[in-house]
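Reader: I would like to learn how to read a model like this one. Please start with a single kind of side-chain placement and build up from there.

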Amino acid sequence: VQLQASGGGLVQAGDSLRLSCATSVRTFSTYGMGWFRQAPGNEREFVAGISWSGDTYHADSVKGRFTISRENAKRTVYLQMNSLKSEDTAIYYCASKKWSGLGSQSSYEYWGQGTLVTVSS
């Protein structure tokens, strides 16, 4: 199983970006997906998750600015990021697990390689 994250880049504070994570999971519709991020010097943290049925969860730090969504026909999950702040600068990772879009990082089965988002203030 492969997860390929893309869409990162260098933007200014207040700008928007949309990250994509394409997967090779054949039964994608039965998988929950999550986005995590790791800023320099920090531990990796949960950003957003979406269950197999479309239930979504967002960390308080991004609630109202970021939106996770999925497109089963393309086996892809997205993270729409609006009103970006300098503190959103991090490497963003997507991950997958059966059914749920929540849980500890260790509960996720597959991980992508990460895409770098840099927000300049």
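Author: A charge sits over a ring if NZ of Lys or CZ of Arg is within 6 Å of the ring centre and within 35 degrees of the ring normal. Here Lys-97 lies over the face of Tyr-108, at 5.0 Å from the ring centre. The charged end of Lys-98 is likewise placed over a ring, that of Trp-99, 5.0 Å from its centre.

Reader: What kind of model is this, and how are the residues numbered?

Author: This is a predicted model, in which local features need pLDDT of at least 70 and side-chain atom pairs count only at pLDDT 80 or more, while totals for chains, interfaces and linings use all residues. Residues are numbered from 1 along each chain as its sequence is written, and side-chain values use heavy atoms, with hydrogens and water left out.

Reader: How many helices and strands does the protein have?

Author: Helices (H or I, at least four residues) and strands (E, at least two) are DSSP runs, numbered from the N terminus. The protein has zero helices and eleven strands. Its elements therefore read β-β-β-β-β-β-β-β-β-β-β from the N terminus on, by that DSSP rule.

Reader: What does the radius of gyration say about the protein?

Author: The radius is taken over C-alpha atoms, and the globule rule is 2.2 Å times the number of residues to the power 0.38. For 121 residues, a compact globule would have a radius near 14 Å; the protein has 13 Å, which agrees. The C-alpha trace spans about 40 × 25 × 25 Å along its principal axes.

Reader: Which strands pair with S8, and in what sense?

Author: Two strands pair if DSSP finds at least two bridges between them. S3 and S8 are antiparallel, with six bridges, and Arg-18 stands opposite Gln-80 in S8. S7 is also joined to S8 by six bridges, again antiparallel; there Glu-71 faces Thr-76 in S8.

Reader: What lies between S7 and S8?

Author: The two strands form a hairpin with four residues between them. Arg-75 is in this loop, between S7 (66-71) and S8 (76-81).

Reader: What should I look for in phi?

Author: Most residues other than glycine have a negative phi. Arg-75 has a positive phi of about 50° although it is not a glycine. Trp-99 has a positive phi too, about 70°, and is not a glycine either.

Reader: Is Ser-20 buried or exposed?

Author: Buried means under 20% relative accessible area, exposed over 50%, and partly exposed in between (1.4 Å probe, protein chains only). Ser-20 is buried because its relative accessible area is 17%. Arg-75, at 32%, is partly exposed. In S8, five of the six residues are buried, and 44% of the 121 residues of the protein count as buried.

Reader: Which residues does Ser-20 touch?

Author: Contact means heavy atoms within 4.5 Å. Ser-20 is in S3 (residues 17-23). Not counting residues up to four places away in sequence, it touches Gln-4, Ala-5, Ser-6, Trp-35, Thr-76, Val-77 and Tyr-78. Across the protein, 58% of the contacts with a separation of 6 or more are between residues 24 or more positions apart.

Reader: How many aromatic pairs are there?

Author: Rings of Phe, Tyr and Trp (its six-membered ring) pair if their centres lie within 6.5 Å; planes under 30 degrees apart count as stacked, over 60 as edge-to-face and the rest as tilted. The structure holds five such pairs. In one of them, Trp-52 and Trp-99 are edge-to-face, 5.5 Å centre to centre with 80° between the planes. This pair links distant parts of the chain, 47 residues apart: Trp-52 is in the loop between S5 (45-50) and S6 (56-58), and Trp-99 in the loop between S9 and S10. Trp-52 is partly exposed at 44%, as is Trp-99 at 42%. Elsewhere, ring pairs join Phe-36, Phe-46, Tyr-108 and Trp-111 into a cluster.

Reader: Where is Gly-103, and what is it in contact with?

Author: Gly-103 is in the loop between S9 (90-98) and S10 (110-111). Leaving aside neighbours within four places in sequence, Gly-103 is in contact with Lys-97 and Tyr-108. Gly-103 counts as partly exposed, at 41% relative accessibility.
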